[in-house]
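Please take the sequence and the model below together, and follow the chains in turn as the text moves through them.

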Amino acid sequence: MTTEKMKGIGPIPESCDYSIAVGPQHPTHKEPMRWIFHVKGETIHEVDLRLGFNHRGIEKAFESRTYNQNLYLAERLCGICSNAHQYCYVQAAEKCANLYDEVTERAQFIRILLQELERIQSHQLWYGVLAHDTGYDTMFHITWRDREIVSDVLELISGNRVTYSMYTLGGVRRDISKEQIDKILPMVAEIKKRSLYHKHVLESEKSFVVRQKDVAPLSAKDALRFCANGPVVRAAGINNDIRKKDPPLGYDRIPFDIPIYNGCDIFDAMRVRMDETLIACDISTYVLENLPAGDIRIKFPKKIPPNEGISRVEAPRGEDIHYVRSNGTNKPDRHKIRAPTTGNILSLRHRLKGAQVADIPPVIRVIDPCIGCCERATFIDVKSGKSKTLSNAHLISRANRAYRLKTKVLEF
Amino acid sequence: MEVKTLDEMITKLGSLVSVTEPKNYPLDRYVDVSPDNLIPAVQKLKEHGVTHLSTIPAYECDEGYRLLYIMSVPVKDGKWGKMTIVVTLDKNKPEIESLTSEIPGAEYYEREVFDMLGITFHNHPDHRRLLSPDIMPDDVFPLRKDITYQEIRDRLAAEAKVRYEE
Amino acid sequence: MNCGSCNGCDIEIVAALTPVYDIERFGAVLQGTPRHCDVLLATGPVSRQMEPRVKRLYDQMPDPKFVVAVGTCASTGGVYQECYNTLGGVDKAVPVAAYIPGCPPRPEAIIDGVVKLITAARQSAEPPAEEET
């Protein structure tokens, strides 16, 4: 297949799919994007990708269900940031019903608690997988073992480890009792202690750091041009955290900082996320110690008059935004979701141009892609026009080998 | 130069926009813009420090197709107000100029709008579908009101039968 | 293999590999290629784009082979009933040997399901299975 044929024109035709559909090393990151890299030697010239493997047609399904039923569909957009999607949806629906300001303080704080616990769980997942991607399997197992603590906390509060379904229109579904708070506080302290250990190890381990420092930087100017969101922009020196810029109710009353670094590379994006994990522990502790008394939900009408509402939430991956339009019935007229990763793909493609092949796994990992990453990547040599497809597993082991041999030039 | 509130920004946009009924929330404003005035309005916003386009929801209503450009305007106290530019297109002529010349980040959002509603964006660098499967027929745009999910499902099943059996 | 899922089941499968739940003590090992494995864990309602790939993967596995549908979506389509781009379950694309319901199923449930399958397979005199996800 020649470079002209593959050069980003049209979706990848079935006949070009040479790769054996190999499962990558871990199931979390499968088949979502199909990458095509045009390379010259070891440097990437052009990048194209095919989305749509995870496209289920959910936005159409939203229109045929009631607002209450959509709570559970909104959650299952993504399992890792399920909470953020539900949070965003209930806020947008509450704005449509003009009840956004009526949500009680206790409900606001419980919502924030869950969002921060999810942030901890998602970031620990992320840096464990980053360690795995760069060959540091020991830390993968350690961080995922320690992640079980925050899963236990979430299970204590909500009853489930992954899709918590705590939110409802007008508040939250379950309350947190005094006994639960007494049990959770020491667990959160333990999470913070272990996260500090992860931070210390991951930021000082030389062979791990060298894979990330000054690799594929994204300048502040490019981050703004491509409308990137999330921690990668905070690693470029710009504060874009929705919790400070367009905060959901309640965040204004909690004291916390936003970590900003200036390195623009993968290492600083990692540092941003590690600091956010620690700050999330602090916010959770503050919320648990200062939970206001009161009801946890208000009455919400079944039918919402014609209106529209936009809401944003800082999901672990970036800015999640939902738009809901009501039409007087009990079903929404339109519900649009923009997950954070969609906003980051353009900047990722820009970052990859000029990068080395050996750097591809951590560079794709840095935006924390929710729809996964290179399950299959096809490499096309610009000079000869020959192409070769590698699975994620091959890509990772090849990259690790290149760094171990201290050479960035390897035969395909 | 920064503005203090979203209403001040709307005043600066002047005759390019017309305000719809103000919503209750101070950080949410919606303005109507005609399709020809979209690019000048965005250029004006960029002069006041606006760079971030969050997304482009689009839907079909009685008046035609409506596109919403959700932009973040820095206002006082370090906050970002959401200025939503609403453009209504005629049902018989669903075309508009692409915003990628002003904001390169709009590329994927416009592709998704084309994929779901069939709106054409002139001068778009990469005008093809984003999410629909390879077997989606060219005349099916899923989020239009004239087609139900069952019909789309049936058509996809029919296409799959034809394509994958050969 | 993620056939269009929300990743919830996928996280629980990976959690089943971590030291706290540790599926490897039952003799199940993660493989990187379908040619070396016996069991395929599939999640998600199969999306139209994934449909030919699931079938191809299944064809590449050597006999004897088993497919386990992990999660409610992989079993019956789950919460995506009105979604146009889904087939509604892995058994609409390939034959399935075991179903593990749950949204998502806990890691213990996944281990239980896989172990039950391996035991049943052993009892019908099959060789011990290696697992691929």
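Chain C contains four helices and five strands, where helices (H or I, at least four residues) and strands (E, at least two) are DSSP runs numbered from the N terminus. Along the sequence, these elements of chain C follow the pattern α-β-β-α-β-α-β-α-β. Chain C has a radius of gyration of 14 Å, close to the 14 Å that the globule rule gives for 133 residues, so it is as compact as a globular protein of that length; the radius is taken over C-alpha atoms, and the rule is 2.2 Å times the number of residues to the power 0.38.

This is a predicted model, in which local features need pLDDT of at least 70, side-chain atom pairs count only at pLDDT 80 or more, and totals for chains, interfaces and linings use all residues. Residues are numbered from 1 along each chain as its sequence is written, while chains are lettered from A and ligands numbered from 1 in the order in which they are written.

In chain C, 60% of the 133 residues count as buried, that is, with 20 or more other C-beta atoms, placed from the backbone, within 10 Å of their own.

Chain A, with 15 helices and nine strands, is divided into domain 1 (3–54 + 342–404) and domain 2 (58–338), the bounds coming from an automatic or database domain assignment. The contact between them takes 24 residues from domain 1 of chain A and 29 residues from domain 2 of chain A, two residues being in contact if their C-beta atoms, placed from the backbone, lie within 7 Å. On the side of domain 1 of chain A that touches domain 2 of chain A, α13(A) gives the most, with eight residues.

Conventions. Buried ≥ 20, exposed ≤ 12 C-beta atoms within 10 Å, placed from the backbone.
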